[in-house]
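User: I'm new to reading protein models. Could you walk me through this one, feature by feature?

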Amino acid sequence: ERNILRTGMGIALGSAVSGGIEDVQITENLIGFQCLYGHDDPAKSCGWGHAMHIKTTLTRGGYVRDILFKMNSVFNTTGIFLLETDYQDPKHKIPPVNYPTTDIRNITLEGNHAAGEARAVSFQCSPF
């Protein structure tokens, strides 16, 4: 709560979600604050990732639930939110055997503000 993130990947949850992520509140942060989109000076450049990135893969199982992303101000990033269920593992053409899919539920985005290039909400989900 109430952090200032200038450059980098924003806030990420997951990648190896074999256990679980639950009851996380990300509120009132400034993400990409005081940056200039496309600027070459590291002190003024923007984060190039999404402000909030939830990531898992088909072979991890686990859960992601009750996540609140509220009242954040996002400036000049790739986008506001990305949910990715094939994170660094898009090779599966059929569901893997003996691996439960990650249980994802109750993800809330509320009252966030975007300026500059930060506009998109993206879902890159496995078809399984």
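Predicted model: local features only at pLDDT ≥ 70, side-chain atom pairs only at ≥ 80, totals over all residues.

User: How many helices and strands does the protein chain have?

Analyst: Helices (H or I, at least four residues) and strands (E, at least two) are DSSP runs, numbered from the N terminus. Here the protein chain has zero helices and eleven strands. As for contacts, meaning heavy atoms within 4.5 Å, residues 24 or more positions apart account for 90% of those with a separation of 6 or more.

User: What share of the 128 residues is buried?

Analyst: Buried means under 20% relative accessible area, exposed over 50%, and partly exposed in between (1.4 Å probe, protein chains only). In this chain, buried residues make up 38% of the 128.

User: Which residues of the largest nonpolar core touch the most other members?

Analyst: In soluble globular proteins, nonpolar side chains tend to be buried together. A nonpolar core is a set of buried Ala, Val, Leu, Ile, Met, Phe, Trp, Tyr and Cys residues joined through side-chain atoms within 4.5 Å. The largest one here has 16 residues, and L13, M52, I54 and F69 touch the most other members. Strands β2, β3, β5, β6 and β8 each supply at least two residues of this core. Leaving out residues up to four places away in sequence, M52 touches I11, L13, I26, F69, I80, F81 and L82.

User: Is T56 buried or exposed?

Analyst: T56 is buried, with a relative accessible area of 1%, and its place is in the loop between β5 and β6. A polar contact is a pair of N or O atoms within 3.5 Å; within protein, one must be able to donate a hydrogen and the other to accept it, and residues adjacent in sequence count only if both atoms are side-chain atoms. The side chain of T56 makes such a contact with the side chain of T102 at 2.9 Å. Now look at N72, in the loop between β6 and β7. N72 is buried too, at 0% relative accessible area, and its side chain reaches the backbone oxygen of I26 at 3.1 Å.

User: How many salt bridges does a search of the whole structure find?

Analyst: A salt bridge is a side-chain nitrogen of Lys or Arg within 4 Å of a carboxyl oxygen of Asp or Glu. The search finds five. One of them joins the side chains of E28 and R2 (2.8 Å, N to O). E28 lies in the loop between β3 and β4 and R2 in the segment before β1, so the pair ties together parts that are 26 residues apart in sequence. E22 and R65 also meet in a salt bridge (3.0 Å, N to O). E22 is in strand β3 and R65 in strand β6, so this pair ties together parts 43 residues apart in sequence. E22, R65, D103 and R105 are linked in a network of salt bridges.

User: Which residues form a nonpolar patch on the surface?

Analyst: Look for L109, V121 and F123. F123 is found in strand β11 and is exposed, with a relative accessible area of 54%.

How values were computed: Residues numbered from 1 in each chain as written. Heavy atoms only, no water. Patch = residues over 30% accessible without salt bridge, like charges linked within 9 Å, V, L, I, M, F, W, Y side chains within 5 Å. Areas by Shrake-Rupley, 256 points an atom, 1.4 Å probe, with all protein chains shown as cover.
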